[in-house]
Amino acid sequence: MKQGIKYFALGLSAFIIGMSVNNYAISNVPSKIAVVDVQKVVASSAQVKALKADRDAKVKDLATFVTNARAAVAKESNAAKKKELENKYNKELNAKRNAIQKDYAKKLANIDKSISAVVAQKAKAANYDIVLAKGVVLYGGTDITAEITKSVK
């Protein structure tokens, strides 16, 4: 019983000493912190604007496809052929919609990678230790949004 108490006391004191050393080490680390308004950077990106315009054009083409498909189905008088035609157009519509979504997501991911690379490059050049999203930071940090926005365009 006494030996168990000794081990507990030893373990507790080791834990307290470890936490004290850790807190001291963390408190003496100077950090240079930057913040970036990611939404503003993305909204002003020419790549994102072009991607959205491309997606809007594809969605418009999809709407035209739907209109034409409805007209073709409406012209059909045979109920069986009408149902077959509806199924055919629904499959085509789903395939086209999925292709548009996959393409958009892939291109958006590539743009995100390029923006992240610009942020990392600018942070390293200015010797920042940490870069956080502006929405996460309540106070402090140097705002480098304007610099990133200029580089991303």
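Predicted model: local features only at pLDDT ≥ 70, side-chain atom pairs only at ≥ 80, totals over all residues.

Biologist: Which residues line the largest cavity?

Modeller: The lining is made up of Leu-51, Asp-54, Arg-55, Lys-58, Ile-100, Asp-103 and Tyr-104. The elements giving two or more residues to that lining are helix H3 (46-75) and helix H4 (79-125).

Biologist: Which element gives the largest share of the lining?

Modeller: H3 does, with 4 residues.

Biologist: What is the lining like by class?

Modeller: There are 3 nonpolar and 4 charged residues in the lining of the largest cavity, and no polar ones.

Biologist: Change of topic. Where does Leu-132 lie?

Modeller: Leu-132 is in strand S2, which covers residues 130-133.

Biologist: Why does Leu-132 count as partly exposed?

Modeller: Because its relative accessibility is 35%, and partly exposed runs between the cut-offs of 20% for buried and 50% for exposed.

Biologist: What does Leu-132 touch, leaving out residues up to four places away in sequence?

Modeller: On that basis Leu-132 touches Ile-33, Ala-34, Val-35, Val-36 and Val-137.

Biologist: One more. What separates the C-alpha atoms of Leu-132 and Asp-143?

Modeller: The two C-alpha atoms are 9.6 Å apart, and Leu-132 and Asp-143 are 11 residues apart along the chain.

Key:
Residues numbered from 1 in each chain as written. Heavy atoms only, no water. 1 Å grid on protein atoms, 1.4 Å probe; cavity = no way out; pocket = protein on both sides within 12 Å on 5 of 7 lines; lining within 4 Å. Nonpolar A, V, L, I, M, F, W, Y, C, P; charged D, E, K, R; others polar. Buried < 20%, exposed > 50% of the residue type's maximum accessible area, 1.4 Å probe, protein only. Contact = heavy atoms within 4.5 Å.
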